[in-house]
Structure formats: C-alpha cells, structure tokens
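Here are my notes on this model, as numbered points. Please read them with the structure open.

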Amino acid sequence: KELITIIRDVLNENNRIKDLVEKQQGVFKEEVRVAIIPTIAGYILPDMYGEWRNALTDVHLIIEEMKTDDVIIALAEKKVDLAILAGPHIDSRLRTIPLFQEEIKAYLPNESKKLVALNELSNAHPWLLTSGNCLRTQMMHFCELGDEEGIDEWDYEGGNIDLLKRMVEIHGGYTLVPENYIKDSDTRYKTITSSSGEIPAREVIALVPNRSRKWEVIEKIVRSIQSHYFKKSDEHYQVLSWK
C-alpha cells in the first residue's frame with residue numbers, strides 16, 4: 001500500500017517523458033480525462049462541448065459521467081485529471097475551484113404560481129434520483145424527506161432528470177431540477193422558498209490534484225465554465241450539502 005503512491009508518481013513522470021518525445025516529433029496531443037456528475041453533465045456538455053472542441057485543438061478530451069462517490073475514488077486513483085461536481089468537498093490532496101452557484105427549482109407543470117412555499121410540497125409525491133446522485137441527497141435535506149417506508153421512490157440507474165419530469169407529468173407530484181438545466185423562461189419550474197425565505201441552491205466546483213502537469217489545459221476548461229455560467233450569487237441562497 002505504501003508503494004502505490006510512489007509507483008503512480010513514477011508512472012506519471014514516465015508519461016511526461018513520452019509527452020516530451022511526442023512534442024519534439026510534432027505529434028503530441030495532451031490527453032485530459034474529465035469526470036462530471038450526471039446532473040451537471042446533462043447541461044454542461046451540450047453547452048460547452050463545441051467551445052472546448054474549438055479552443056482545445058491540441059487536446060484529446062475524454063469525458064465520463066460518474067456519480068459523486070465514484071468521482072472521488074477516480075481522483076484518488078489518478079484515473080481522472082479534472083472532476084466537476086457539487087460541493088463542498090475538502091481534501092488536502094486536491095485543489096478546490098468554485099465554478100458557479102445555481103438555484104434548484106421544483107418542476108410543477110400544473111402550478112400557476114411562480115413561487116411555491118416549502119410546506120406546500122409536503123403533501124406532494126417527490127420523484128427522486130437513485131442513491132448516489134447528490135441532487136437526491138440535497139432534495140431530501142431541503143424538503144425534509146427521510147428514507148422511511150412512506151416514500152414511494154422511483155428507483156433506477158443513471159440520474160435521468162427527463163424521466164423524472166415525465167413521471168411528474170403523468171402521475172403528479174414534483175421533482176427538483178438545477179437552474180442551468182432549464183432552457184429559456186419555462187414557467188413549469190418554480191422557485192422554492194422556506195419559511196425563513198431561503199432558496200435552495202448548490203455550488204458547482206472543480207477538483208484537481210494538487211500536482212497536475214496538465215494544469216494549463218485544465219485552467220482553460222475551468223475558466224470557460226466560470227465565464228459561461230457566472231452570475232451574482234443571491235443572498236437568499238441556501239447552499240445545500242450533497243452528503
């Protein structure tokens with residue numbers, strides 16, 4: 001076990017030699033592996049892929065969807081170079097970079113009001129993502145849901161928000177959707193407020209190993225995300241934990 005970290009560093013340095021040779025030969029293409037959790041990948045890939053492809057012509061970008069716990073493991077094992085997920089996450093081995101904050105809205109297609117009080121959702125059926133999706137945990141925290149038998153969950157693999165929306169449309173109830181997943185001014189999504197006026201939100205962060213030889217490319221990806229999604233944080237936001 002003590003040797004594993006050393007061996008990984010040796011392999012990493014060996015890859016640097018290989019990269020240097022390819023640069024000298026003019027055939028080098030930096031490989032950057034990115035892990036993104038499903039509820040962020042659902043909008044960030046359609047929004048950003050074209051920009052990355054045009055800006056990073058000398059990069060082989062490998063993007064994989066992973067649940068949060070799998071992302072953390074992949075970073076520890078150096079299987080990915082950059083992770084995009086919901087914060088917070090504290091690890092001395094990793095550099096945490098805030099990307100943006102986004103409101104979490106309720107999908108209520110038959111509700112006419114723009115705002116819905118949290119207590120109004122207590123009698124509505126919550127459609128939840130599978131265990132391991134951080135938005136599920138955030139939803140349960142804010143809506144004060146438990147794992148007791150009274151919750152009839154729609155359980156499946158993959159973090160498919162569109163399927164949850166269809167279940168709401170056909171069977172009623174509600175589900176929660178990140179703000180950036182919503183296109184244009186769709187009135188079916190409602191702002192939720194608690195009794196103290198707080199609005200649920202999440203912070204999206206990037207995690208990068210402290211020692212990364214690919215920082216130049218990673219920084220370009222990070223800056224492009226920050227620029228695309230930046231907006232002033234709302235003072236009423238209650239940033240939810242995914243744990």
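1. Two strands are taken as paired if DSSP finds at least two bridges between them. Helices (H or I, at least four residues) and strands (E, at least two) are DSSP runs, numbered from the N terminus. On that basis, four bridges join β3 to β8, and these strands run antiparallel; L85 has I205 in β8 as its bridge partner. β1 and β3 run parallel and are joined by three bridges, with L82 in β3 as the partner of V34.

2. A word on the basis of these notes. The model is predicted, so local features need pLDDT of at least 70 and side-chain atom pairs count only at pLDDT 80 or more, while totals for chains, interfaces and linings use all residues. Residues are numbered from 1 along each chain as its sequence is written, and side-chain values use heavy atoms, with hydrogens and water left out.

3. Five of the five residues of β3 are buried (under 20% relative accessible area; exposed is over 50%, partly exposed in between, with a 1.4 Å probe and protein chains only).

4. Which residues of helix α3 are buried? In α3 (residues 68-76) they are T68, V71, I72, A74 and L75. They lie on the same side of α3 because they cover an arc of only 165° around the axis, taken from the directions from the helix axis to the C-beta atoms. Their cover includes β1 (30-36), β3 (82-86), β4 (94-107), α4 (134-142) and β8 (199-209), contact being heavy atoms within 4.5 Å. Just after α3, K78 has a positive phi of about 60°.

5. Leaving aside residues up to four places away in sequence, I225 touches I44, M48, W52, I84, L99 and F100.

6. The whole structure holds three aromatic pairs (Phe, Tyr and Trp rings, the six-membered one for Trp, with centres within 6.5 Å; planes under 30 degrees apart are stacked, over 60 edge-to-face, the rest tilted). Y43 and Y229 are edge-to-face, 5.7 Å centre to centre with 70° between the planes. This pair links helix α2 (residues 38-55) to helix α6 (residues 215-229), 186 residues apart. Both Y43 and Y229 are buried. Y107 and Y189 form a tilted pair, because their ring centres are 5.0 Å apart and their planes are at 50°.
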